[in-house]
Amino acid sequence: MTIANDSVVTIQYTLRNGEGSVLDSSDETGGLAYLHGHQNIIPGLESALEGKSVGDTVNTTIAPADGYGERQEELVFTVPRDRLPSEEALTPGMQFRAQAAEGQDLVVTLVEVGDEQVTLDGNHPLAGETLVFDVEITDVRAATADELDHGHVHQGPGGVDH
């Protein structure tokens with residue numbers, strides 16, 4: 001079976017940045033399963049895997065526009081320190097869920113902690129990065145009706161079980 005929309009695909013992967021440093025790998029997780037054609041992975045990787053089969057390997061370089069987008073400096077902003085949880089020490093790199101002015105959920109990263117203000121970054125941590133993926137396709141199957149209804153994989157390596 002080849003990878004096409006509505007396929008459940010399982011991959012082993014290593015992700016590097018444009019300089020060659022490893023950013024992520026499935027070595028410890030046992031693989032990633034996703035529902036092809038349902039925006040479960042970045043568009044550039046999904047396009048590179050289209051039409052491939054079990055056993056195929058893919059090495060692809062993905063520009064920011066087809067990955068996590070370009071960095072948007074307007075997504076870096078300051079808020080009063082008391083708007084963040086006070087029960088734990090605030091350290092740069094922490095992430096929080098926030099709500100944007102338009103109402104959508106946003107994950108923000110704490111960049112800087114001041115006495116009165118904190119600086120947050122709403123960009124994805126890999127925004128603006130050129131990404132290099134080494135991928136091996138280990139399984140391809142038709143999605144179940146439940147998976148199609150929910151828009152994601154339900155069981156197996158990297159899948160959701162609910």
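A pocket here is an open set of 1 Å grid points over the protein atoms alone, where a 1.4 Å probe fits, with protein on both sides within 12 Å along at least five of seven lines; lining residues have an atom within 4 Å of a point. The volume is the space filled by probe spheres set on the points, which are joined across faces, edges and corners. We're working on a predicted model, where local features need pLDDT of at least 70 and side-chain atom pairs count only at pLDDT 80 or more, while totals for chains, interfaces and linings use all residues. Residues are numbered from 1 along each chain as its sequence is written, and side-chain values use heavy atoms, leaving out hydrogens and water.

**Exercise 1.** Find which strand gives the largest share of the lining of the second largest pocket.

*Solution.* Start with the lining, which includes Ile11, Tyr13, Leu15 and Phe133.

**Exercise 2.** Work out which element gives the most to the lining of the largest pocket.

*Solution.* Step one: this pocket has about 340 Å³ of space. Step two: of its 17 lining residues, Phe77, Ala98, Gln99, Ala100 and Leu106 lie nearest the centre. Step three: S5 (76-80), S6 (95-99) and S7 (105-113) each supply at least two lining residues, and S6 gives the most, with four.
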